[in-house]
Amino acid sequence: VSEKRTTYQQFFQQLIDELRDKHHFTNARAGQPQNWYSFASGARGFTYGVNFAQTGELRATVQIDTGDASKNKWAFDALEATRDEIERLLGERLQWERLDTRRSCRIACSTQGSIEDSADVHERHRQWAVDRLLRLKKVFGPRLMELAKTLSEAE
């Protein structure tokens, strides 16, 4: 495993440990040597995630992927219809990525960040990621549960 992949693994291990032990956000146990990590939302077809993008950003996301592109686009559109309220509750503007040429959709917030930053900067990145994931869960969690219920009833 390369040094960079080891650094990813260490970053995500610390993130997972704090989210699990302090915030009861996840039951995840092991960080992986990759630039992203996904967390179950409790709603089928929806996950929370954190990733280091190639653009030099650290992103916290809500990923929509039920396995069916049309259902994903419907769920995205339903969330985006309440965009102003969601962003007000979250306290920041989001990136609404319908991704029309792909099956999934994504809603994200981001900050500058790279795994190549120093360890003290990684600590700030981890704190930012914890904060954003907790806020995303608080604001999106009930909405995702309702959307998942509606989608399962439509099957």
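Predicted model: local features only at pLDDT ≥ 70, side-chain atom pairs only at ≥ 80, totals over all residues.
Residues are numbered from 1 along each chain as its sequence is written, and side-chain values use heavy atoms, with hydrogens and water left out.

Start with the largest nonpolar core, which has 41 residues. Such a core is a set of buried Ala, Val, Leu, Ile, Met, Phe, Trp, Tyr and Cys residues joined through side-chain atoms within 4.5 Å, with buried meaning under 20% relative accessible area (1.4 Å probe, protein chains only). The members that touch the most others are L15, F39, F46, Y48, L79, I107 and F140. Among the elements giving two or more residues are α1 (3–21), β2 (46–52) and α4 (119–153); helices here are DSSP runs of H or I with at least four residues, strands are runs of E with at least two, and both are numbered from the N terminus. The largest share, 11 residues, comes from α4. Leaving aside residues up to four places away in sequence, L15 touches F39, V50, R126, A129 and V130 (contact means heavy atoms within 4.5 Å).

Now for the rings. The structure holds 10 aromatic pairs, counted when ring centres of Phe, Tyr or Trp (its six-membered ring) lie within 6.5 Å; planes under 30 degrees apart are stacked, over 60 edge-to-face and the rest tilted. F12 and F52 have their ring centres 6.2 Å apart and their planes at 75°, so they pair edge-to-face. Because F12 sits in helix α1 and F52 in strand β2, the pair ties together parts 40 residues apart in sequence. F12 is buried at 0% relative accessible area, and F52 is buried too, at 3%.

Over the ring of F25 sits the charged end of K137, 5.0 Å from the centre (the rule: NZ of Lys or CZ of Arg within 6 Å of the ring centre and within 35 degrees of the ring normal).

Residues making the contact include L89 and L90 of α3 and V139 and F140 of α4.

Key:
Buried < 20%, exposed > 50% of the residue type's maximum accessible area, 1.4 Å probe, protein only.
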